[in-house]
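Reader: Could you take me through one chain-to-chain interface in close detail? I would like to know what it is made of and how the two partners are related.

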Protein chains: 4
Amino acid sequence: MGLPPEFLELAASVRNWGRWGPDDEIGTINLVTPEVRRRAAASVRTGHAFSLALPLSEAEGIQTGLLPGRINPVRTMAQINEPILGDREQVCTSDDLVVMGLQCATHWDGLAHVSYGGHIYNGYPADTVTAAGASRCGIHRVRTLVSRGVLLDVARARGVERLDGGYAVTGDDLDAAEELARVQVQPGDLVLVRTGQMSVLHERGGRSRYPAPTPGLSMRSVPWLRAHDVAAVATDTLTFEVYPMERDDVFLPVHMLHLVDMGLTQGQNFVLDELAADCDDDGVYEFLLDASPQPFTNALGSPVNPAAVK
Amino acid sequence: MGLPPEFLELAASVRNWGRWGPDDEIGTINLVTPEVRRRAAASVRTGHAFSLALPLSEAEGIQTGLLPGRINPVRTMAQINEPILGDREQVCTSDDLVVMGLQCATHWDGLAHVSYGGHIYNGYPADTVTAAGASRCGIHRVRTLVSRGVLLDVARARGVERLDGGYAVTGDDLDAAEELARVQVQPGDLVLVRTGQMSVLHERGGRSRYPAPTPGLSMRSVPWLRAHDVAAVATDTLTFEVYPMERDDVFLPVHMLHLVDMGLTQGQNFVLDELAADCDDDGVYEFLLDASPQPFTNALGSPVNPAAVK
Amino acid sequence: MGLPPEFLELAASVRNWGRWGPDDEIGTINLVTPEVRRRAAASVRTGHAFSLALPLSEAEGIQTGLLPGRINPVRTMAQINEPILGDREQVCTSDDLVVMGLQCATHWDGLAHVSYGGHIYNGYPADTVTAAGASRCGIHRVRTLVSRGVLLDVARARGVERLDGGYAVTGDDLDAAEELARVQVQPGDLVLVRTGQMSVLHERGGRSRYPAPTPGLSMRSVPWLRAHDVAAVATDTLTFEVYPMERDDVFLPVHMLHLVDMGLTQGQNFVLDELAADCDDDGVYEFLLDASPQPFTNALGSPVNPAAVK
Amino acid sequence: MGLPPEFLELAASVRNWGRWGPDDEIGTINLVTPEVRRRAAASVRTGHAFSLALPLSEAEGIQTGLLPGRINPVRTMAQINEPILGDREQVCTSDDLVVMGLQCATHWDGLAHVSYGGHIYNGYPADTVTAAGASRCGIHRVRTLVSRGVLLDVARARGVERLDGGYAVTGDDLDAAEELARVQVQPGDLVLVRTGQMSVLHERGGRSRYPAPTPGLSMRSVPWLRAHDVAAVATDTLTFEVYPMERDDVFLPVHMLHLVDMGLTQGQNFVLDELAADCDDDGVYEFLLDASPQPFTNALGSPVNPAAVK
């Protein structure tokens, strides 16, 4: 059936293919220049630090079995206080291992996570993704991702605890949140969009209601992110984009536009409430943010423990 | 047979049990205060960034099967360009998962990784580590680990490409490297000790020779780290401490002293050569370093992608 | 609080500790002698074969996350039609791997799966189970498990499609089913007890209702199995024994009596309906049964694909 | 470059595509009829049982990292004597899980494991193997595999402990071994070809020398297996077929001929020495053999614990 013309026009208007050369594999992360990192460091004032990651464990995991292989982290023991010399007075070691979906918790979608029309970002063929993983645009290409973070608290800007399920965040919403933040989003920034949806997780039975319906970014927010040349964008939701979808004739449009057209790495399940409360307290919505992925070779995504320092 | 008196005396002299209260689970990481993080941010000058992590993959993994369960990352595909709507013109997704030993590559040893005499750090019973993991001192307690990093390039300070296998790094060596670095290590700093050992990995057959013999920290470096109150320390070796051991009557003494007595989180397999070359070039050996672990609940350790920004 | 006297008396009356020597690790499986296997082979008449195993897959898995680490089989691809010589006209190979709880589907509980009062079967200390697994009574000790199988169709004997949730199968029930089967259970036989509970799985939402409430074996069936000296016993339920329990003051009594006291290996989630229909058709309830576990060294249990030949 | 004409001619001459209908997914296993199973049962005389499987464990595993994802079984603990009621006098449970390559130890190659020229068995397109596994010819289609087993002890027939590395087993060798066995291989039999190669495993450093060079089946044995219409064939080697290969211009020819053309399921790393000694003792080389795979849905292969009863 193909994609509707409105989508294709939008895609063409935001596409970054070739912008950083034909061999580029990291897209908008190219915008994180040394100068941007210096700006990031300069944004540190109080020295308070925030971890924006969900716990990694089976019991606390947020996956409910909807996607094959995207399992919660199962961490098990290989050794428990094993006396290396056979003497418990001397050194004993404990060791563990984990199996997990790389996108099961707080994570980045790598650029190869999604394709459409036979392509991933920069026009690479979709079939560069094989059983060996993504030979192009693997998450390990990112190396580090340290920049200035800006919290765009759309929920607070709209005066609600959390946006309704199905609420489509638009460019106007991002403008309003930017105004609330009293900071100008600049090229290379890491933008964190808060919807408040994660609070659903902490309600009774919330794990099954957290994924959907959900507020989220929409096709109408994509041009804003492109115009501001953000390096990466993350939210406090599981689906990242609004669900149910805005249109019946296109599925996961924001995933396609961000990952495939713009080369914009996107993050999900970022824990933003504690940081947001602090930003509301002191009125400062910018900070140093390190959200470097783990360097899984040829991976489609990566868990991340984003560390914000205000 | 128990531990020799010299070890026990040293242990008593560096022990931090109770220093941060009876309920403390993170030890010297308490030294990373907001002020320390501000100092860290202030150390950024050029904005150049360095990833200090080894690649995470089966083919590039450094484990050779010596320890049960400490397997190299095996990342496999759960979905490859799966057309969600059954139409390849529309969105197709790829997904992967991984199984890995948590301490298989560049990683932090958590404080519960080692016990002796029935105790882990802060005097907690060793049997707080069970099949459910470390109910005390799990790596998730750390939350974030962002501080000033200081590279102590012991190899360069001694005028060699790499220290010999079996070379025991002492406090005097750290003094010499600090002098080379023209920076004073201060409380809360993250200290990276470079031995040059990782270059073995890149030699033919190097994977089997990288673990041992190896240079590394020794009992004679422990008082230095205690006196300087570093928050955490990492090296470019697999065993962390010198091997063969300094004494026949005590095995892994530095592990015991750091993890159990001092509550000093220690890192292994940090990739330091590129960073060291840059430090040598511009003579600046301090930088912002985010080495936050992944928040695996009750884990004994964690992979880490340390991001240094100079 | 300890265990009630009635339980302890029953335990003493069925206990097999020492019966096959102080070093025995397989319990009643000792009863499968060469003569028993010849009897098994002699029971083959039609040559029709039945697999009694549930499918091993993530989508079809019956686990719902109640027990840590007991995950459904996640099978993923390591290679897909990889052309070894780089030429698709020549040989291409595909390869997969799996992660699974060893007791997630149709499986045997090994004798070390359960302990009470500090002991496992034969009086071995419970702490012979460590992070390295069961150094005593590991499932690999079984080697093969081929014997005569006898289907005791308790549901049919009681004239119902399936027994009610909470129905406690007794020795009288087994007598009635044996009478229906017109076969005498003999020492060394593998007894399959059909309750009909597995049909719940195929109902809408059945996966969550299958575990409990459930019919199952009860303390009142234990003496029967002991008196008949069966080699192993399996059912078509997840919990194996009746749930809710018969008494408030003892939990999983049948597990304790079978595994710890009798050394009776017990199986769960055996698929019995097709076999039962065939037995009802021809009136023959005995067959050759190979239910050899997979030889996981020191494992607590094992998946099994029981093959019955009538 | 394609395949040489000699191979293509041989392939055409043994091909079973369509023989059991256009929808067949199990190939020669169709030959295991009820009558064959009755013959199998009738071959039981002494009742002695043999497990033909290697142990499943990390320490004892035979994989050395040559193939991605084909890892030795890593079995770890999820629970160790966990007191369900919080009371160690009452029931305590231990639980484990495993991650393993499905073809890492004693296993069957499923028919979809290999393709060439764009096809798997029965002419199904090779791309029926996807990230979701083998939608055609998955190992779960086999259900049960119980038949008469016949040991063809080629090593003994040639008067050696083990065949030399690189020795290509031919149809004449199989004739000689059949003569030694004094049994006629019949349609539906499971044939076990003993080379003696597994004894290499038990030598010092044997794990690395076991895979190759190795004796094994060759193109010159394929017509014999086709003519005798065996249901499945297994050996005591890792590569199954002779290595180094017989010809430079075709790689893994026997894999292609068996799996793709004949639909002949083939087994590797079968432990045959104890069984062979028994056969030599009593002169009886036939037995009941259950080698049913584990029913992994859509899997490319399966571990197996073959149980032979003489």
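Author: Happy to! By class, the chain C side that touches chain B has five nonpolar, one polar and no charged residues; here Ala, Val, Leu, Ile, Met, Phe, Trp, Tyr, Cys and Pro count as nonpolar, Asp, Glu, Lys and Arg as charged, and the others, Gly among them, as polar.

A word on the model: it is predicted, so local features need pLDDT of at least 70 and side-chain atom pairs pLDDT 80 or more, while totals for chains, interfaces and linings use all residues. Residues are numbered from 1 along each chain as its sequence is written, chains are lettered from A and ligands numbered from 1 in the order written, and side-chain values use heavy atoms, leaving out hydrogens and water.

Now the contact itself: six residues of chain C meet six of chain B, with contact meaning heavy atoms within 4.5 Å. Together the two chains bury about 390 Å², 76% of it on carbon and sulfur atoms; this is the accessible area (1.4 Å probe) lost on being put together, summed over both parts. In chain C, T76(C), M77(C) and L97(C) lose the most area to chain B, together 72% of what that side buries.

As for symmetry, a rotation of 180° with 0.0 Å of shift along its axis superposes chain C on chain B, RMSD 0.0 Å (by least squares on the C-alpha atoms of residues with pLDDT of at least 70 in both). That is the relation of a two-fold axis. The same surface serves both copies, as 100% of the contact residues of chain C recur in chain B.
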